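Morning, everyone. Please look at the structure on the screen, and then I'll walk you through it.

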Amino acid sequence: MHQDEGFPVSRRGVIAGGVASATLAAAPAAQAQTQGSAQPAPPTMPVTLKVNGRTTKINVDTRTTLLDALRENLKLTGTKKGCDHGQCGACTVIVEGRRINSCLTLAVMHEGEEITTIEGLGTPEKLHAMQAAFVKHDGYQCGYCTPGQICSAVATLGEIKAGIPSHVTGDIAAQPTVTTDELRERMSGNICRCGAYANIIDAIHEVAGTERTA
Amino acid sequence: MKAFTYERATSAKEAASAAARMPGAKFIAGGTNLLDLMKLQIETPQHLIDVNGLGLDKIAPTADGGLRVGALVRNTDLAADARVRKDYGVLSRALVSGASGQLRNKATTAGNLLQRTRCPYFYDTTKPCNKRQPGSGCAAIGGFNRNLAIMGTSEACIATHPSDMAVAMRVLDATVETVNAAGATRAIPIADFHRLPGATPNIETSLAPGELITAVTLPKPIGGTHIYQKVRDRASYAFALISVAAVIQPGGRGRLAFGGLAHKPWRVEAAEAQMPNGAKATAAAVLAGARTTSQNAFKLPLVERTIGAVFEDAKA
Amino acid sequence: MKFDTPATANPTDRMKVLGKPIDRIDGKLKTTGTAHYAYERSDAAPNAAYGYILGSSIAKGRIESIDVADAKAAPGVLAVVTYENAGKIGKAKNHTARMLAGPDVQHYDQAVAVVVAETFEQARAATKLLRVNYARAKGNFDLAASQGSATKPKSGTPDTAVGDFAGAFAKAAVKVDERYTTPDQSHQMMEPHSTTAAWTGDKLTLWTSNQMIAWAVGDMSETLLIPKDNIHVMSPYVGGGFGSKLWIRSDAVMAALGSRAIGGRPVKLALTRPQVMNNTTHRPATIQRLRIGAQKGGKITAIAHESWSGDLPGGGPETAPNATRLLYAGANRMTATRLAVLDLPEGNAMRAPGEAVGLLALEAAMDELAEKLKMDPVQLRIVNDTQVDPEKPSRQFSQRDLVGCLKTGAERFGWNKRNPVPGQVRDGRWLVGMGMASAFRDNVTMKSGARVGIDKKGMVTVATDMTDIGTGSYTIIGQTVAELMGVPMDKVIVLLGDSSFPASSGSGGQWGGNSSTAGVYAACMALRESVARKLGFNSDDVVFEDGKVKSGNRSVSLSEAAGDAGLSAEDSIEFGDLTKTYAQATFGAHFVEVGVDSATGEIRVRRMSGAFAAGRILNPKSARSQVIGAMTMGVGAALMEDAIVDTRFGYFVNHDLAEYHVPAHADIPMQDVFFMDELDEKSSPMKAKGIGELGLCGVGAAIANAVYNACGVRVREYPLTLDKVIGKMV
């Protein structure tokens, strides 16, 4: 058995703004303000993004995620930043036909790729069938996870059609079908804290032309 | 995230040599774990070598009847491959039990093997962690460690390896193929690929610096019933508390590997002899030498019961 | 408009628009990504710089020094603001912890600095270059260890007592005396706290994500020590709040300080997901003791509910015994609420504060009592129904249809199929069980104002600082206007979430829907009066319908009545003593079926059903969404949500959405919601009550009771994770 005893901590510790050297052992006395060391400008790179059918060339800090490039550089703020760590799905977009978390990929990694965001699916004047179904079934509340849910839902139906199995697929070697369990499992990478899940599943069923099975 | 330079590599050897040439370089493929960690400055590469253009995204048969899975094959594509679904069902099952559809579309075979632990203290740079900052201590021992390891732990680290895929690879006796800057290749049995923490939990695999994974090969199919049972608090989109990858042959013999127990996919080949004797005997052999904390001792009965359930499923 | 006598027949009774399941009027914007949240206001605040907060890495102590030199010298950095250069900062009365640490640190991740830079990437990286030297102080982080030192809170009603509890409990034929615990929980709304701030001279504009606009202005005024008149707050879309955005947080304060430091240029700032957990508020953990004594027939003779929680010095308790004061009859009763000092982040309201956790204990204890009595749990609750405030029998409930909810809910769910003996029903590997609980949540009303105007085209515009945090405020306010002014929904424009509009109730405590529409009702009635007066109509017989104003055989279109200049009116609803003279609350009954994996102990909810009585349902579609969303949050509370305190360091360890689990799609089954036909004329002229929180209250206990029924394990420490049932199952 490991000893479940308190980790020894000293009363004093220098914690460099969260840098890994944050030792909790004894620390030097308070330092006076020092002169900041000069740092080079961060590397930038050009990248050409094809978003919703429009090609745009931008110059980005290499650190810029696809999510931030969409939101901050292209002002396409329909794609949301919920956690910035791939834990919520609010940033879901469709790249080269596949849904991904745009927060966990760099803009420079998508040179020339076709990207579809919520704005590319439909507009208030001309809703995509999935957007209309979300409105009809009240598949949202605060609306913040909604663009990600919709992009994910559109891609999910494509994944089932393409025969990609899921955790709840009964026979892993067989063609999966649109069942309620399949939709729930496949949509689980999109968190909705308002809890519109049941309505979202109803909306996807409507677009798929299938009935709830559970 | 610290600033870094970025290049797109066009061949595996070039990527490996760039890694050897550039200080602080890292390969990036799916990026789903690396960027997560870079945002928190747990990973701070000065240079990223994008290996997505290397063409390592094919699944091809091997001469001895197995499959060679390119390092960049996405989790979704590996899980959906007809040959994998038919002959290596445990792998397909393990893959689709992990992460989310979005993440599986990005995450790669090699990247998944290299996933780093989800220990919350590793993830918090204001806390001690020997894996992140060697010598700083382990905050998890004596802290929140319900989800952490009970096998092969050390006084320095009780982190677990978070992958589901790697557990299935372990039960299938996969081999990891690599190339280094000199162009030399080697094949590492999956059993030797991941390390136990010992005194150096910061060193997680047997890869040399700059060595690039090019493929994972699966030996020829071994038949049997393939089961991957993942136990978790949330019904989906959650890391395993424990998981069991099983290939069970008629008569009850077979193989078992476990996730959520150790710093690496956990397999005790000697314990597999106990399988025909039932879950209790098998679990006792698998868990010999377990070191639990007050919070994760539940994993002991959980392993036994889950093995029992897997055996029942295999009979059904 | 004063509301101090019960409503009589009024124009809301027509129910031509109200009561209809109308799609949300903001739906097309939300589903196309064209609703702009606080961080997305480049239209109004172009060229914004980016702010990033550094939080404290100690839980308690002092900042001895901050070295900002490297951060300031980093590429793109425009400013670094800490307590040393922020100027004088106050603490708003609404805040327990200060929004900016220094020199004292009150909790882990309390804001220590904001770095402002040209890009997000630059601000984030430079924040890591700040070097803060702390002197750590010993803190109190463990509620269980601090229970003995808890004291009686100075405000509220910490102690209640009627009759002789101790005597009656001692004599009771059947008794339950159990201890329950609930963990700290985190709101984790999908939009992190976010703000864009800009100064023009001494005027501050904030686009922020906030539930209570007038409070936001007040809090900001008290924090920055500037007049309220100099602050303009806008929050038209809020990506969820659940109580976490009742007050401004450090995102707003630090963005404002950052903008001021760079000459007023807009600064936008969002908390990171981990900061949501430790920088903001959380629902405090509780320890609760329930004692219930009953006669053999089930009538409760004695009931006591005690609760302990903790908060920072000057904070408040989690008022877990709230519901127990009103839910069941019983002549001898007491409650006690105690508060310990803990140096964790600020504890405060999260959806249904008090009731949400109180019912996790009370309704589990009722299940235990039913079992001891060998009585059906539904019947036990029916036997103990009361139509009067049990502490003050002269005070009646305005409306109370708990019994109707219990019977209807049981019928819809198929409760009669339940086997009362645990562990008897199997479905393959699953042990299947059913459980139920009552739902109860106070009905709170709040003063609320609005301005309504008609233009020459006959369009009716309503403006109020009310917020829509996902609740459907846009739509029900639009419906109220359409109903009152006799126009279709497409002739109504709803403007919300702007401090230049009349102050509303805001969104919280499930008071927003009823109160804000009542305020809109008041403004519409004033406008109707003004239209009638202008047309020389007798306001007693005037009818507004089909876009026309009618009186006798005269009929004038609204556009004509408005004329070129238009017509507008402003009023507010002010609630009198009816909430005191009558007990006002909302009721319901939850029914749940769960499966417990007989091998692994994993618990999954298989179906949920509930019946609810909450006055008039203004929009059954959005009201149902409120309830299913609350049920979903209840699944989280019952089965997975647990903000783990590391008592050595004094912080919530699992501070992200990978480790703090909230329910995912796969956790949520079919949810059936039924609304009882009810009007509550003592609640407001809308005859509605709150619905936003009721669905959360009791549902977790129903799940726990179902788990017991499934596998025979009583878990009294929420959440019910598999480690607590494995090895104990029948």
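Let's start with chain B. In residues 1–223 of chain B, the end C-alpha atoms lie 46 Å apart. This span is 26% helix and 16% strand. Helices here are DSSP runs of H or I with at least four residues, strands are runs of E with at least two, and both are numbered from the N terminus. Why pick that span? UniProt lists residues 1–223 of chain B as "domain: FAD-binding PCMH-type", in an unreviewed entry. UniProt positions are given in the numbering used here, feature names are shortened, and annotations may be inferred rather than shown by experiment.

Now the ground rules. This is a predicted model, where local features need pLDDT of at least 70, side-chain atom pairs count only at pLDDT 80 or more, and totals for chains, interfaces and linings use all residues. Residues are numbered from 1 along each chain as its sequence is written, chains are lettered from A and ligands numbered from 1 in the order in which they are written, and side-chain values use heavy atoms, leaving out hydrogens and water.

Stay with chain B for one residue. Where does B:Thr160 lie? B:Thr160 is in the loop between helix H7 (109–113) and helix H8 (165–171) of chain B. B:Thr160 is buried, at a relative accessible area of 11%. Buried means under 20% relative accessible area, exposed means over 50%, and partly exposed is in between, with a 1.4 Å probe and protein chains only. Leave aside neighbours within four places in sequence, and B:Thr160 is in contact with residues including B:Thr117, B:Asn147, B:Gly260 and B:His263. Contact means heavy atoms within 4.5 Å.

Next, salt bridges. Side chains of opposite charge can pair when their charged atoms come close. The rule is a side-chain nitrogen of Lys or Arg within 4 Å of a carboxyl oxygen of Asp or Glu. How many does the structure hold over all chains? The total is 82 salt bridges.

Here is one in chain B. B:Glu204 and B:Arg116 meet through their side chains, 3.0 Å from N to O. This pair links distant parts of the chain, 88 residues apart. B:Glu204 sits in the loop between helix H9 (190–193) and strand E8 (212–218), and B:Arg116 in the loop between H7 and H8. B:Glu204 is buried at 15%, and B:Arg116 is buried at 13%.

Contrast that with B:Asp57 and B:Lys58, a salt bridge at 2.7 Å, N to O. B:Asp57 is partly exposed at 44%. B:Lys58 counts as exposed at 53%.

One more, in chain C. C:Arg606 and C:Asp427 form a salt bridge, with the closest N and O atoms 2.9 Å apart. C:Arg606 lies in strand E29 (residues 603–613) and C:Asp427 in strand E19 (residues 426–427), so the pair ties together parts 179 residues apart in sequence. C:Arg606 is partly exposed at 30%, and so is C:Asp427, at 40%.

On to the interfaces. The size of an interface is often given as the accessible area lost when the parts come together. Buried area here is just that, with a 1.4 Å probe, summed over both parts.

Chain A and chain B first. The contact takes 56 residues from chain A and 61 from chain B. About 4,700 Å² is buried, and carbon and sulfur atoms give 55% of that. There are two salt bridges between these chains. B:Lys39 and A:Asp84 meet in a salt bridge at 2.8 Å, N to O. On the side of chain A that touches chain B, the largest share comes from E5(A), with four residues.

Now chain C and chain A. Here 86 residues of chain C are in contact with 84 residues of chain A. The two bury about 6,600 Å² between them, 54% of it on carbon and sulfur atoms. In chain C, C:Arg136, C:Met190 and C:His665 lose the most area to chain A, together 13% of what that side buries. How many salt bridges cross this interface? The rule finds five. A:Asp138 and C:Arg24 meet in a salt bridge, 2.6 Å from N to O. H16(C) gives the most to the side of chain C that touches chain A, with nine residues.

That's my tour. Over to you.
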